[in-house]
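Open the model in your viewer and keep the selection tool ready. Each stop below says what to select and what is there.

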Amino acid sequence: MAKEGIFTFHNGVEIPDIGFGTWQIPNEEAYAAVTTALENGYTHIDTALAYQNEENVGKAVRDFRLAREEVFITSKLPAQTKGYEETLQAFEETVSNLGVDYLDLYLIHAPWPWTEIGKDCTEGNIQSWKAMERLYNDGKIRAIGVSNFSESDIQALLDACDIVPMANQIPFYIGRDQESLLAFCAKHNIVVEAYSPLATGQILSSPPILEMAEKYGVTPAQLCIRYCLERGTLPLPKSTNEARIIENSQLDFTISKEDIETLDAIEDVRED
Ligand code: A2P
C-alpha cells in the first residue's frame, strides 16, 4: 500500500514524493536554493553531474546537518558517458563532488548523448547498467534507474541485465502525459519521476490551467505539481525563489477524477 508522502521502489527503498529539482540552477545559486528547500521541509534533492552544481548541492546538504539518511540524494551519469569503467569513474566524480559516501538514487541521464539524440547506444547503456548494478550490489547506491528512457530503451536493459530499473525520470506535465510509457513502467514496477512538472514554466499561464487552479483555490504551479502526483508520478519542481519553493510543496488538496480527465485532454502547449 502507498504511504502518505512516500513512493516505494521495488527493492523496498522509500523516496519522498516531491523532489527539489536543480536543473538549470547554476553552482553559485545552488547552495542558497538547496538550503532554502531544506529549510522548508524538502528532504529529496535531485541533481546531475551535467548540471555542474553538485559541489554546492552537496555542501548545502552537509552544512544543513541533517543525518545523511534524512536526505534523499539523486544524481545522474552524464548522457554521453557510456561503458563499464567510464560509469564507475563518473560515479566516483559525483560522490566526490557531493562529498557523500553513497547515493540514494543514480540514474543513466539519457539513452544517448544530448548531441546525438536517438542514436542507438544499447551496448553502451548495457555496460553502464552493469556497472551501476555492481555499485548497487556493493552498497554504494541504494537504488538505480534511468532517465529519458523509452519503452524499448528499458526493454534492452531488461533483456540483458539482472536488475529492473527502480525509476525512470522523464519530462511529464499537463499536456504531455506519456500514456504508454507510464503503463510500461507500471507493469515493471518502475517509479516514474516527472521532471519539468511546470513545463519549465511554460504552461502556467494556460487559460484552462488558470481556470482550474482558481476553482481549487490554488496556484497554477500547485495544480500542475498535484496533477503529477494524481497521475502516479513523482514531481521534481525547480525554483530559486523562496516563496515559490514553499508554494510548490504545499499540495494539500486533491483533484477530482473528472478534472484530471479534463487536464489529460489538454494538448501540449510548450514550445521547444
Ligand atoms: P524560478 O526559479 O524563478 O521560480 P520546471 O520545474 O517545470 O522545470 O519549471 C521551472 C521554472 O518555473 C523556473 O523558471 C521557475 O522559476 C518557475 N517556477 C517554479 N515554481 C514556480 C511557481 N510556483 N510559480 C511560477 N513559476 C515557478
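The tour goes from the sheet to its strands, then to helices and a pocket.

**Before you start**

This is a predicted model, in which local features need pLDDT of at least 70, side-chain atom pairs count only at pLDDT 80 or more, and totals for chains, interfaces and linings use all residues. Residues are numbered from 1 along each chain as its sequence is written, and side-chain values use heavy atoms, with hydrogens and water left out.

**Stop 1: the sheet**

Show the cartoon. Eight strands form an open sheet, in the order E3-E4-E5-E6-E7-E8-E9-E10. The pairing is parallel. Helices (H or I, at least four residues) and strands (E, at least two) are DSSP runs, numbered from the N terminus. Two strands pair if DSSP finds at least two bridges between them. Now find the edges: strand E3 (20–21) and E10 each pair on one side only.

Move to strands E5 (72–77) and E6 (103–108). E5 and E6 pair in the parallel sense over four bridges. Select lysine 76: it stands opposite leucine 107 in E6.

**Stop 2: strand E9**

Select residues 191–195, which are strand E9. Is this strand enclosed or open? Five of its five residues are buried, so E9 is largely enclosed by the rest of the structure. Buried means under 20% relative accessible area, exposed means over 50%, and partly exposed lies in between (1.4 Å probe, protein chains only).

Show the side chains. Val191, Glu193 and Tyr195 point one way from E9. Val192 and Ala194 point the other way.

Next, look at the partners of E9. Strand E8 (residues 167–171) runs parallel to E9, joined by five bridges. Select alanine 167; its bridge partner in E9 is valine 191. Strand E10 (residues 234–236) also pairs with E9 in the parallel sense, over three bridges. There, tyrosine 195 stands opposite leucine 236.

E8, H6 and E9 make a right-handed β-α-β unit. A crossover is right-handed if, with the strands pointing away from the viewer, the path from the first strand over the helix to the second runs clockwise.

**Stop 3: helix H3**

Select residues 84–98, which are helix H3. H3 has 15 residues and reaches 21 Å from its first C-alpha to its last, close to the 21 Å expected at 1.5 Å a residue. The expected span is 1.5 Å times one less than the number of residues.

The buried residues of H3 include Leu88, Phe91, Val95 and Leu98. Helix H2 (54–64), E5, E6, helix H4 (122–137) and strand E7 (141–147) pack against the buried residues of H3.

Pick asparagine 97, also in H3. It is buried, with a relative accessible area of 18%. Asparagine 97 touches Leu49, Glu54 and Glu55, not counting residues up to four places away in sequence. Contact means heavy atoms within 4.5 Å. Step past the helix end to glycine 99, whose phi is positive, near 70 degrees.

**Stop 4: helix H4**

H4 has 16 residues and reaches 22 Å from first C-alpha to last, close to the 22 Å expected at 1.5 Å a residue. Its buried residues include Ile126, Trp129, Met132 and Leu135. Their cover includes E5, H3, E6, E7 and helix H5 (151–160). Just after H4, glycine 139 takes a positive phi of about 80 degrees.

**Stop 5: the largest pocket**

Which residues lie nearest the centre of the largest pocket? Select Trp23, Gln24, Tyr195, Ser196 and Thr200. The lining has 41 residues. About 880 Å³ of space lies inside. E8 and helix H9 (242–247) are the elements that give two or more residues to the lining. E8 gives the most, with three residues.

A pocket is an open set of points on a 1 Å grid over the protein atoms alone, where a 1.4 Å probe fits, with protein on both sides within 12 Å along at least five of seven lines; lining residues have an atom within 4 Å of a point. Grid points are joined across faces, edges and corners, and a volume is the space filled by probe spheres set on the points.

Finish with two loop residues. Glutamine 24 lies between E3 and helix H1 (27–39). It has a positive phi of about 70 degrees although it is not a glycine. Glutamine 24 is exposed, at 52% relative accessible area. Threonine 200 lies in the loop between E9 and helix H7 (207–216). Its phi is positive too, about 50 degrees. At 42% relative accessibility, threonine 200 counts as partly exposed.
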